[in-house]
Amino acid sequence: MNFDWSVVGAHRDALAAATGMTVLLTVATMAIAVPSGIVVAALRLYAWTPVRAVATAYVELFRNLPLILVVYWAFYVLPIATGLGLSPFATGLAALALNVTAYNAETFRAGIGSIRRGQLEAAMALGMSRAQAVRRIVLPQAVRRILPVLASTWVSLFKDTSLVSVIAVSELAYVAMQIRAQTFRVLEMLTAMAAVYWLLGYPQAKLVDWIQRRYAVTE
Amino acid sequence: MSRRAKESGARIIRYRGVVKRYGTFQALSGVDLDVHAGEVVCLIGPSGSGKSTLLRCTNALETIDGGEIEFEGARLPRDGRALRDIRRRMGMVFQSFELFPHLTALHNVAEGPRTVLHARRAEAEDRARAMLAKVGLSDKASNYPAALSGGQQQRVAIARALAMEPDVMLFDEPTSALDPETIGEVLSVMKALADEGMTMVVVTHEMNFARRVGDWVAVFDAGRIVEQGPPRQIFDAPRTERTRDFLSHLGWHGQTL
């Protein structure tokens, strides 16, 4: 079998741009899914019962659907539902954010639930409202505790962004597949793609490990 | 100062017929008790007799199912801002300290003034430093709770409560989770507070503290106060069989240590 690795070099600009798009998708998804995850978790924990039920239904729906199905669904349903012609990027971002928000909500809920009740009581005994106590005392501890879980979600998400290639978002997987289709250099492009995902993913995982060690709370 | 002298001061907390249930379990079955300004009231009795429950009802960490609790002449609000305003005037110290593990000792103490009283950072930290000095922990300001001994953590917890400038301090078995060698440092901080005239309600198993520092002692059993009076009466001449039983189980035979 012949290998022609020059195909990778020849398309390096396109691959670099696509890698940038993958990173952007990951960062943008997390930028949406962390705050929304906190909000959904808070609704599940503290809201008025009907609101709580809606939040629970949302989490259970999106946590138990294959992401690729959500991506297709967003692509076909969102334009009809909203009447907006969303770009593939916005559509992919929405699908990813819907999925990851559900996971993050569960992560935050578990983290908040793991902080013992006495912490909330100690804060409220000082005269804080429940919202202040959660924001100032419970949440900062919960976040530190769940950092490893958020980190693996982050790395999973970084790889899962490849799924939005099915709706032609020009991220790494899509662009690499396009080049593969044009050049028939299948193994070269798949290997290059694997190398980029791994080389970017591994340091991210290590970075988060470091953050976790740095900000861990000892009790 | 005797109880009688202090009774001329204002009555700060008034419990009348307080009832608390957990499901079918009756934790409190009609408790009457008064706490006056400057007084140290000690709640003693076997585990599960309701003394901690009464303390937790005082700042509405638990809601009562019957009777009433008055703070400075007004019935305790059930929730909202009015309740929060009262909570911040009642400092609370927990058996398990409940320091905030993600904050240094200084920031644990400054947190209340910052968040609840909206003090400026410098002002809150100055006050926190003064409170840490008061409990003898000026040198531990930048330590996290995990780096402090149990006794030191409990003293930080006392400083945290004092930083709110409370009218009353509530202590829920403050030394029960401590190693024997650190109990003394916490009790002496509490004694110093009592000597300054702080009004205190103390749930405790430290009979010597109740005897020597308390102005009034209430003996709990099965959700009721079976006897209350000055420590001299409770410890030297108990009037009920239940009090005598409880004290003799603790090995108390009227001695003053």
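User: How many salt bridges are counted between chain B and chain A?

Analyst: Happy to start there! This is a predicted model, in which local features need pLDDT of at least 70, side-chain atom pairs count only at pLDDT 80 or more, and totals for chains, interfaces and linings use all residues. Side-chain values use heavy atoms, leaving out hydrogens and water. A salt bridge is a side-chain nitrogen of Lys or Arg within 4 Å of a carboxyl oxygen of Asp or Glu, and between chain B and chain A the count is three.

User: Which residue of chain B meets E121(A) in a salt bridge?

Analyst: Look at the two side chains in the structure. The N to O distance is 2.7 Å, and the partner of E121(A) is R56(B).

User: What area is buried between chain B and chain A?

Analyst: Buried area is the accessible area (1.4 Å probe) that two parts lose on being put together, summed over both. Here carbon and sulfur atoms give 61% of the area, and the total is about 1900 Å².

User: Which residues in chain B lose the most area to chain A?

Analyst: Three residues answer this one. Together they make up 30% of what the chain B side buries, and they are E98(B), P101(B) and H102(B).

User: Is T53(B) buried or exposed?

Analyst: Buried means under 20% relative accessible area, exposed over 50%, and partly exposed in between (1.4 Å probe, protein chains only). T53(B) touches K20(B), Y22(B), A27(B) and L28(B), not counting residues up to four places away in sequence; contact means heavy atoms within 4.5 Å. Its relative accessible area is 13%, so T53(B) is buried.

Note on methods: Residues numbered from 1 in each chain as written. Chains lettered and ligands numbered in written order.
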